[in-house]
Amino acid sequence: MHGVVDPASAILASAEQPHGKLLEVRDLTVEFATRRGIVRAVEKVNLTLAKGETLGIVGESGSGKSVTSYTVMRILDRAGRIAEGAISFSGIDVAHASEREMRDLRGREMSMIFQNPRAALNPIRKVGHQIGDVLLQHVQAEPRNVKEKVIDILNQVRIARPEERYHAYPFELSGGMCQRIVIALALACRPQLLIADEPTTGLDVTTQKAVMELVTELTRARGMSTVLITHDLGLAATYCDTVMVMEKGKVVETAPAEQIFRNPQHPYTRKLMRATPRPGIVLGDLLPEGEGGVAAHSAPAVATSDVPLLKVENLIKEYPRQGAPSPLFAKFTGKAVDPKDAIFRAVDGISFEVKKGESVGLVGESGCGKSTTSTIVMRLIDPTAGRITFDGQDIGAIPARSFAHHPIRRRIQMVFQDPTESLNPRYTAARAIADPLLRMGGMGGLRGGAALDDKVEELARMVGLPADLLDRFPHQLSGGQKARVGIARAIALKPDLVILDEPTAALDVSVQAVVLNLLEELKQTLGMSYLFVSHDLHVVRLLCDRVIVMRQGRVVEEGTSQEVLEAPKDAYTRELIAAIPHPPV
Amino acid sequence: MLKLIGSRLATAIPSLIGVVIVTFLLTRVLPGDTAAYFAGPAATPQAIAEIRTKLGLDKPLPTQFVDYVSALSKGDLGTSLSTGQSVAHEIATRLPASAELTLCGLIFALLIAVPFGIAAAVKQGSWIDHACRLITTAGVSLPVFFTGLLLVYLFYFRLGWAPAPLGRLDVFFSAPETVTGFYLIDSLLAGDLETFRAAAAQLVVPTLTLAIFALAPIARITRASMLHVLSSEFIRTARASGLTSKTVILTYAFRNAMLPVVTTLGMVFSFLLGANVLVEKVFAWPGIGSYAVEALITSDFAPVQGFVLAMAILYVALNLIIDLAYGIIDPRARSEA
Amino acid sequence: MNRREFLTSASATAAAAGAAVTAPAVFSPAKAQARNETLLIVSESGPNNLDIHGVGTNVPGYEASWNCYDRLITHPMKEVNGTPYYDKDKFEGELAEDMNIGDMSVTFKLKKDATFQDGTPVTAKDVKWSLDRSVSVGGFPTFQMKAGSLEKPEQFVVVDDRTIRVDFIRKDRLTIPDLAVIVPCVINSELVKKNATAQDPWGLEYTKQNTAGSGAYKVTKWTPGTEVIFERYDNWKGGPLPKIKRVIWRMVPSAGNRRALLERGDADISYDLPNKDFMELKSNPKLNIISTPYSNGVQYIGMNVTRPPFNNPKVRQAMAYAVPYQKIMDAVMFGLAKPMFGASPESKTEVAWPQPTKYNTDLAKAKALLAEAGYPDGFETTISFDLGFAGVNEPLCILLQESLAQIGIKTTINKIPGANWRTELNKKELPLFTNVFSGWLDYPEYFFFWCYHGSNSVFNTMSYQSAAMDTFIDGARTAAAGGDKAAYDTDVRGMVDLAFADAPRLPLFQPYVNVAMQKNVTGYEYWFHRRLDYRALQKG
Amino acid sequence: MTAVPSAPSRRRGSGGLAATLKHAHYVISDNPVTGLAFFMLLVLVVAAVFGPFIVPHDPLASNTMSALQPPSATHWFGTDQLGRDIFSRVIVATRLDLAIAVFSVALVFAAGGIAGIAAGFFGGWTDRIVGRICDTIMAFPLFVLAMGIVAALGNTVTNIVIATAIINFPLYARVARAEAAIRRQAGFVQAARLTGNSEWRILLTQILPNILPIMMVQMSLTMGYAILNAAGLSFIGLGVRPPTAEWGIMVAEGATFIVSGEWWIALFPGLSLMFAVFCFNLLGDGLRDIVDPQRRT
C-alpha cells in the first residue's frame, strides 16, 4: 500500500512504544492562490507528535492552525499547495505520496473531526451508513457484518439505542449527538492520529465538556495521538500535553502545556493568555500588560442607582410548533389540536429589572430563550403576554411595527452578535454609523453635511475606529473594526439602554478583550445601562453587575455576578460553570 | 405522505381557479370574431348572427362564464370549432403525443446535462467546465423552431438518416392499440417491435431538438448545486475519511446536489412544454401544443381553455411528483410533511 | 443508408433476432402494392368538418365533401394548356343519368344502380332531403344555393323514386351551374336521420365526423389537424372506378418540410407551397408542377372609398400608378400568376373576367395625380393584410409600402390574424388592404355583383357605391338570364371600364393554383373549387 | 473636530472608479469566457447604438433585381426575397431586439422584483398573494400564455414586451422572495429597524440594494429568453410589424428558404440571435459566479 520500504511498518508495529514519532512536520510552508496573488497561510512550521501524545495548536483566526492540519491530511482545497517542507507520517512522505496512498491513510491511519458537526455529516444519508461507508472503504468490515460493526462503534461513542440511531439522519440528532457520530466516523478504523479541528465550537458548554471527555477517553484507551486545534487556551490547557501557539502562519511558541501557561515566553502567548477570561480577574486584566484601559480600576465608576430603567414582568412568547398542523388545517380536518402540541413557549414567564447605569447579564445555553427575550425588549418582536416598562412607560403594548417611530426607539439600542452580518454590505462604515443620526438624530436635513461628518468622526474616535477606515465597506474591515462600527452605530443616539447580544461571540479572544473594555469605557462615559446576552459566564461576570441565568425559557437563578459565579445556588448554574474550561492560572 | 399530497392539492386549487378565470377572460378578449370566422367566406350578417346564437356568444360574459364553469364541472370542456370534436377527447388523444415527446426530450437532456454538469463542477475552471458552459448555452441560444428545421434539413433532407417529419409514425404504420397513449410503450405491450422502431425513429430528431434546448438549465443547475455541495463540510469529512472520489462525488455530493435539480425539473418541464408548441409545428407532431396554437390563432376558445386547464393540472401533478421525489431523496422533507 | 434501407434492415434484424412476434416485413410485396395504390398528400391544414353543410366548414373540408359525396350533375373536363380543366359550360350526370331543362324547372333522372356507401340505393327522396338541407341549414351552404336562386325546399319536388324536379323561382343563368358546385351534394338521408337529434334535425353533428354519401371515397379515419384517411368505395357509380384505393392526407405545417417531403419522394402530392418553391421545383426532374390560374379570381388592393383620402378618385388613380406591379410579380409571385395590369393602351375591353387594367407603375404620374387631388405631400395610412396568407401578402405589402413612400404616402403595415380578417373586412373600416376574391361560378356579373354592387355585400370591401355600376351589373344579370348577348356584352364592358376608371380596387394579378406531384402521379384535374379531385388521380 | 473639516470630502469618492475597474479586470481574467461575454455585449451595444449609421445599405430598401443573392462582397450576408441587404437588417435589428429584451426585463424587474421582495420581507398575506399569483402564472404553459396575451392585446412591440414580462414574473418574484426572506431577520436589517427606519424604507434601502446583484444575474439570463420568446412569437405570426427588421421574424421567414438552399436568409439572423442570447447567458453565468459567495475562496 505505501510503497515505501522504510521504518513505516516498524513504527506501525511499535504501537506500544510510547515516545516514537508518529508525525513530523519540517519547515512546512503552504501557499494559496488568491485574487490578491499568492498568500502564505503557513510559513516554516515545525512540529513533532509522539505516539499517544496530545498536541494543542492554539491561535486566533488566520493563524494557519487549520491549514496546517488540513495539509497533514492533504485535504487542502484546490487553491492551496505545499510550497516547501516535509511531512512525515509513520515514515510516509505525505507531501509527495500519491492520492491513492493518501486515501488509504485518511480515515484509517489519520482522521479528523470538525467543528459544526451537523454540517460535517451528509444530511441525507443515514448516519449508520455514513460510518459503514468508511469501514467498507478501508476494508474494516464486509457488507454482511458492517451493520453490527457500526453499532458496536456507536456503542463506543456512548450513543444510546444505537440500533435505532443507526437509521437516523443527522437532522434527527442533537448537536452533541452529531459530534459523537463524527467522532465515531473518525475513530471507526482505529486510526493512529486524530486531528480535532475546533471540535467543540458551536456546542453548548455542557455538551463541550462531554464531547471532549469522550475524545480524551477514547484516544487514551487506544493509545492514539491527537492534534487539538482550538482558539481556546482553556481547552488546550485542559486536554493537551504539549501546546503550540501560532500567529499569522508562524509558530511562536511550543512547550509542554503546564509550562506554557505557567511561564509563557512569547509576548503573543502572553497576550492570548491574558485575554482569555478566567475566574478571579477584572476586565482590565484581559488587556496586554501596560494597556490596562479604564476598566483597570475594577470598580464601576458610575454608581448604579436604584431607579429601574427597564422592568420586565411575566414575559411570555409563544410560537407555533414546527410541523404542527395549523389551526386552519385542523378546522379543515375537524381534528382538535392539543395546544401543547401546537405551541412552543420560547420565553416562559420571566421577570427582571435593569436599573439605570446597571449592567445585567442574561446567560444560558442555546435555545434557552435569552435572545428571544432581548429581541422582545428591543421591541423588534411582540410578546405573547407580559409587561415591559421602560422609564415608567409601558412599551410592551406598542406593536413592534410602529415602534420604529416611537420616541423611545432611540433610547433602546443594540449591538449585534455577528458584526459582519449586522452591517449592510453596501454601506460604508461612515454610512452605517450615520444611519441612526439621519433617521432619528434630527440630522436628516443635513445629510452629507459637515455636521453629520463631524458627528460620525467623533463617534468613530470614541469607539477607537481610525477615521480613514470610515470609507471602507464591511468586507474591507477586520472583525474588531466591524464590531466597533456596530458599537458606534448603537451609541450614536446616546441611548439609555443598550442590549449587547453576544457582541464578542464571533471575535477572537484578543479582540474580545479590547471590545469588552471599550464597552465598559463607553458605559462609564455615557452612563448607559447594558443588558448583556451571552452564553459565557466568565465574560458576563467581567462586564455585569448582576447575572440572570436562563434555562428553557425560565429564569433559574438571579443575583450579583459574584454571588452567581462563586456561590451558585442552582445545580444548572453549577454545571455551567464547571463545564467552562480555563487555563490553569 | 397522504397529508402532503392533500395539502399540496389544497394549495393548488386557488391557482387552478385563477387559471380558469384568466384563460376565460383572455380568450374572450381575443380579437377574432369566432362567429364571423366560422360563418364561412360569404356569410351575411344574419348568418353570422345565427352562428353567434348557436355558439352562445351573444350572451353576456358572466352568463357565458357560468355556462362554461357548469359545463366544466360536468367534465365537459366543450367542442372545438376548428376541428369539430370534443375538446376533452382531443386532449386525451393528443396529450400522450406531447407527453411522450417532452419526456423523451427531458430524459435525453438529463442523460447528457447531468453528467456534463457534474464534470464541470468537479473540474471547475477547467476546459470541460468552459466547454459545458459554451455548448449548453449555445443549445439554448437558438430558437427551438430554427434548431428543429435545421435538424430536419440535415438529417432528413440532406443525409436521409431520419424518417420524414410526418408526426409520430410513418404513414404506412398503424398506431399500436392504445393503452398508455405512448407509442413506445404501447407498441412494446403489443409486442410489435416494428412499430416500436418506427415510433422511436420518428422521435429521434424532435427529441434531440427539445433536448438541446433543455441542456442549459439542467447543466447549469447541476453544476451550481454540485459546486455548492462539493464545498460543504460533509464532503470534507467524507474526503478526510478516505472515501474514493467516486464515492464522494456520486454517493455524497451527487445525491445532495440532485435536490435543486429535481426542483428545477418542474420548471424545465414547463419550459419544454412551451417549446413543444413550436417543435410540434415543425415536426407535424399531433400533440397538444400545435392544437392549442391553431385554436388560439382561430380564436377557438374551447380548445385553448381546455389546453390551458390540462396543462395546469399537469403542472400541479408534476409538482406533486417532484415533491414526492424530493421527499424520497431528502429525509428532512419527509419529516416535515 | 437511406431511410428505407434503414427500415428494411431494422426489420431484418428484428426477424434475425428471432423475435417471437410475427412482424411483417415493412415493405413486403403486398405493402409495396399498397403503396402504389395509396396516395400521400401533404398540406398545411386539414378539414375541420367533413360536411360542407356544417357550421364553419373550412376550405380543406370542401375537399372531403367533394370526394365523398356525389351531386346530381357535374362538369366534364376539357383541356386547357395541357391540363384537364373543368368545362364550365357543359354538364354531365354524376348521380343523374339524365337532365331535362324546362322553362321554369329542371328534371333529373337518377342512375338506377347508384348506392350509398352503406349499400342502400340512392333515391329521389334522399336528393330532396339533401337539397332541402342545403337551403335550410343557414350559413354558407344556404347562401351559396341562393346565389343560384335556389332558396326554398318547395323548389325540390320528388316526382318518383328515381326522378326529382327542381323548380325555378326566377330565371337565373346560375341555377344549373349552382347545382354542380360542392354544396348540393346528395346525402344518405336515412342514415343521417337515424343520427339526428331534436336540436340537430339535419344531423350535422353526425356528418361532421362521418361521411354518408355515395361518392367515390369514404373517410375511414380522421384525426383533426393531423391526418385524414380515405378509402375507395368500390361500388361507386358516379364515374369510372378511381385507381387510387387509399388516400392519406397528412397535415405538415412547415412549408419547408412539405417541400423536403416532395423532393425526397416521400409525399406524392402537395398544392400548398410558397410560390418560390413551385417555381424552383419546376426544374426538378422528379416532380411535376401544374399551375393553373384561379378561375374568376383576382388579388387586389382595396381602398375604402367612403373616407378621405381614398374617397377621391384621383388619389385612387394615383395609387393605381404607384403599385409596383412587376416587382410583385417577380419577387412575390415568382412569375406564378397572370398579370392583371399593363394592358396596352389601345387594347379593347373584353367581355371576360378577370382581365388586365391599363395601369402600369408610373411614379411621376402618380405624384402628379396626387398633387392634383390636393395631396402634394402625400398622407399617412395603414395597409392591412390577412396573416393567414402572409407568404404572399407580407412581401407584397412591404413592396407597396416602399413604393408609396416614394410619392409621399407613409404607411404602417397591419397584420391581421386569419381569425380576425373577415371581421375586420366586415367592419369596412380598413383604409387600404390586399385580398383575393374568387368565385366558384365563373361569370363576370357574379364577381361584380359581390364585389362592386351598391347592395354593399361582404365582398364589396371598399364600400363602393355607384349608380352607374349598379345599372351595369343588374343589366348584365337580366341579360344573361334572358340570353340577350348584345346587352350582356355592353353591360359587362361597361362595368369593367367603370371599375378600372373609378379604381376602388386595383387588380394585381390572377393567382395560380399550383400543384406539385411526383412524376408517377397523373390525372390531376383543375376544378373551380381548386381542391384536389382524387377520383381521376393515379399512380405509377 | 474643526481641525479636520476637509476630511469628509476627502473620504468621499476615493477609489470608486479604480476599484471598479480593478474588479472588472479580475473578473475577466479569472474567467476568460466571462470576458468574452463582456466583449460580445460591447459589440451588441455598439450595433444597437450606431447600427443605423454604419450599415452599408438601407435595411428597408427592396431591390427585386438582386433578390435572394448569396453572400457577396456587396451583400455580406446576402439578400432576402425582396432583395434587402441582410447584413444591414441584422445590424439594425439589434436595437429593436435589445430594446425588447431590456424593456421587458426592466418591467418584470420592477414588478416581479418588488413584489417578490415585499413577499419575502413582509411574509404573511403579501407573501400568500404574491405566491398565488406566481403559482397561477406558472400553471400556464408560459409560451402559450405569451401567445395568448399578444394575440389578445394585438401584436405590437409594447405587447410583446408586456407578455414577456408577465411570463417571467414568477421567476423574478421567487428569486427576490427567497433572497429577501433570507435577509428579513439579518442583523443589518434589525439594526436599521432600531435606527427608526420604516419597513418600506428598510425594504428599499437595505434589502433591495443587497438583492440587486442576484437579480442582475437573473436579468441577464432572462434577456436571452426574452429575445427567444419574441422570436418564437414571430414564428407563429405574432411578431412585430413588417417591414421592421427583427431577428426572430427574419429567422422565421428565412426558415422556409432553408430547404430550397437559400440558407443565408435564416442563418445570419439566427446567428445574431444566438450571439445575443449566448452573450446574455454567458454574462448571467459569469455574474452569478461573481456574485455567488461560494465562488469566493
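This is a predicted model: local features need pLDDT of at least 70, side-chain atom pairs count only at pLDDT 80 or more; totals for chains, interfaces and linings use all residues.

Colleague: Which pair of chains has the most contacts?

Modeller: Five pairs of chains touch. Chains A and C are not such a pair, since they do not touch. Among the five pairs that do, the most contacts are between chains B and C.

Colleague: How far apart are the nearest C-alpha atoms of chain A and chain C?

Modeller: These two chains do not touch. Their nearest C-alpha atoms are apart by 40 Å.

Colleague: Let's look at chains B and D. Which helix of chain B gives the most to the side that touches chain D?

Modeller: On this interface, 43 residues of chain B are in contact with 37 residues of chain D. Several helices of chain B supply at least two residues each, including H6 (127-141), H9 (193-230) and H12 (288-297). With eight residues, the one that gives the most is H1(B).

Colleague: And how many residues on that side of chain B are nonpolar?

Modeller: The side of chain B that touches chain D has two charged residues and nine polar ones. The nonpolar residues there number 32.

Colleague: Within chain B, how do H7(B) and H11(B) lie, roughly parallel or roughly antiparallel?

Modeller: Helix H7 of chain B spans residues 144-158 and helix H11 of chain B spans 245-283. They pack with their axes 8 Å apart, at an angle of about 30°. Angles under 35 degrees count as roughly parallel, so H7(B) and H11(B) are roughly parallel.

Colleague: What is the handedness of that crossing, left-handed or right-handed?

Modeller: On the H7(B) side, the contact includes Phe145(B), Gly148(B) and Leu149(B), and on the H11(B) side it includes Leu278(B), Lys281(B) and Phe283(B). The contact residues divide into nine nonpolar, one polar and one charged. As for the way H7(B) passes H11(B), the crossing is right-handed.

Colleague: H11(B) also meets a helix of chain D. Which residues of H6(D) take part?

Modeller: H11(B) and H6(D), which covers residues 142-153 of chain D, pack at about 55° with their axes 6 Å apart. The two helices are therefore oblique to each other. The contact residues are five nonpolar and two polar, with no charged ones. From H11(B) come Ser270(B), Gly274(B), Ala275(B) and Val277(B), and from H6(D) come Leu142(D), Phe143(D) and Val144(D).

Colleague: Now for chain D itself. How are H5(D) and H7(D) placed relative to each other?

Modeller: Helix H5 of chain D (124-139) and helix H7 of chain D (157-183) have axes that come within 9 Å and cross at roughly 140°. H5(D) passes H7(D) in a left-handed crossing. Only angles over 145 degrees count as roughly antiparallel, so H5(D) and H7(D) are oblique.

Colleague: How many charged residues are in that contact?

Modeller: H5(D) brings Val130(D), Cys134(D), Ile137(D) and Met138(D), while H7(D) brings residues including Pro170(D), Arg174(D) and Arg177(D). Nine of the contact residues are nonpolar and none is polar. The number of charged residues is two.

Colleague: What percentage of helix does the chain have over residues 36-55 of chain D?

Modeller: The unreviewed UniProt entry annotates residues 36-55 as "transmembrane region", along with other stretches of chain D including 223-243. Over residues 223-243 the chain is 62% helix and 0% strand. Over residues 36-55 there is 0% strand too, and the helix content is 95%.

Colleague: Last one, on chain C: how far apart are the C-alpha centres of its domains?

Modeller: The domain assignment gives domain 1 (72-77 + 85-190) and domain 2 (297-512) of chain C. Their contact takes nine residues from domain 1 and seven from domain 2. On the domain 1 side, four residues are nonpolar and five are charged. The C-alpha centres of the two domains lie apart by 35 Å.

Terms used:
Residues are numbered from 1 along each chain as its sequence is written. Chains are lettered from A and ligands numbered from 1 in the order in which they are written. Axes are lines fitted to C-alpha atoms, for helices over the stretch in contact, and angles run from 0 to 180 degrees between N-to-C directions. Helices (H or I, at least four residues) and strands (E, at least two) are DSSP runs, numbered from the N terminus. Angles under 35 degrees count as roughly parallel, over 145 as roughly antiparallel, 65 to 115 as roughly perpendicular and the rest as oblique. A crossing is left-handed if the near helix is turned anticlockwise from the far one by less than a right angle, and right-handed if clockwise. Ala, Val, Leu, Ile, Met, Phe, Trp, Tyr, Cys and Pro count as nonpolar, Asp, Glu, Lys and Arg as charged, and the others, Gly among them, as polar. UniProt positions are given in the numbering used here, feature names are shortened, and annotations may be inferred rather than shown by experiment. Domain bounds come from an automatic or database domain assignment.
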